[in-house]
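Hello,

Here is the structure I promised to pass on to you. Have a look at it first, and my notes follow below.

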Amino acid sequence: MIYEVFRQERKGQPFQHAGSVEAADDHFADVYAREQYGRRGESTALWIVPRSAVMEIHEFVDELNRNYHRVDGYPLKEKLKEARERAGTAAPSGDS
Amino acid sequence: MNEQEQQLLLEIADDELILGWRDSEWTGIAPLLEEDVAFSSIAQNEIGHARALYELVARERGITADELAFDRAPEDYLCAQIVELRLLDWAQTIARHYLYEEADAIRLERLKQSTDSEIAGLAAKIDREEAYHRMHAQMWHERLQDEPRYVSALNELRPLLEQRGEHTSELGQLLEEMTMVRRSQPSGTKW
């Protein structure tokens, strides 16, 4: 079984994905995760989660193309360029 | 430190050095990668414990830890026969690991009570690492305890825990191998 291991570097900090271990069961996962992610004082705590317990989402459907919901929704650069052309002013120097 | 204390420390140091070497023979060929990392690390810890113990005795005798570890004749080593054997069978290796850790825990507990604060302090330090070894040994023991091969390995190896003084022929071969570089390149081992 594969277990995903998350570690907390210092108290109060968010847990971050550290890597994974392959282990026969929870007990082995505990020992191997300690060995690989906790024995050199690099972590204050570990979360050890069976990979099968992790819900994964890969597709984010945007059927109606509502790109204004996204941070990259507005191609501002293009719009600025168009506006400058209409106004007849060149882009400020240094702006490329 | 009296002679009896020195002998006891040497006995433990020899056990740890020889077992560390034998366990390290699994590096690269353990049953799975995670185990390879874990068991190699345990092997390295044991050699580290041996080094610390040799240093205490060496200081008393005005020599170096290396001289104690590598320059004695095979018959002068005080290790038990159980650590000497080359066991390239995982069930046997785990059986030895489990038996050794059980016995070592009792010995360390006594050493922690030593009136010599330096010895007691070192024993406590070693014991903190051994706690992880025991956890690892216990986990494998629980997994294999109903396997006939493992059970017979436990029965075969258990009496060897108490066999000290006389050595198996495997110790001589092992020391030969361990000290090969030291003997061939003396200038590289002293400065």
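Let me start with one residue: B:A13 touches B:A50, B:L53 and B:Y54, leaving aside residues up to four places away in sequence (touching, or contact, means C-beta atoms, placed from the backbone, within 7 Å). This is a predicted model, in which local features need pLDDT of at least 70, side-chain atom pairs count only at pLDDT 80 or more, and totals for chains, interfaces and linings use all residues. Residues are numbered from 1 along each chain as its sequence is written, while chains are lettered from A and ligands numbered from 1 in the order in which they are written.

B:A13 also belongs to the largest nonpolar core, which has 46 residues; A:A29, A:Y32 and B:A13 have the most contacts inside it. (Such a core is a set of buried Ala, Val, Leu, Ile, Met, Phe, Trp, Tyr and Cys residues joined through C-beta atoms within 7 Å; buried means 20 or more other C-beta atoms within 10 Å of the residue's own, again placed from the backbone.) Helix 1 of chain B, residues 3-24, gives the most to this core, with nine residues (helices are DSSP runs of H or I, at least four residues, numbered from the N terminus).

Where the chains meet, eleven residues of chain B are in contact with eleven of chain A.

Helix 2 of chain A (residues 76-87) is another story: of its twelve residues the number buried is zero, so this helix lies largely in the open. Just after it, A:G88 takes a positive phi of about 75 degrees.

Finally, the predictor gives the complex an ipTM of 0.77 and a pTM of 0.82.

Best wishes

Technical notes. Helices (H or I, at least four residues) and strands (E, at least two) are DSSP runs, numbered from the N terminus. Two residues are in contact if their C-beta atoms, placed from the backbone, lie within 7 Å. The expected span of a helix is 1.5 Å times one less than its number of residues.
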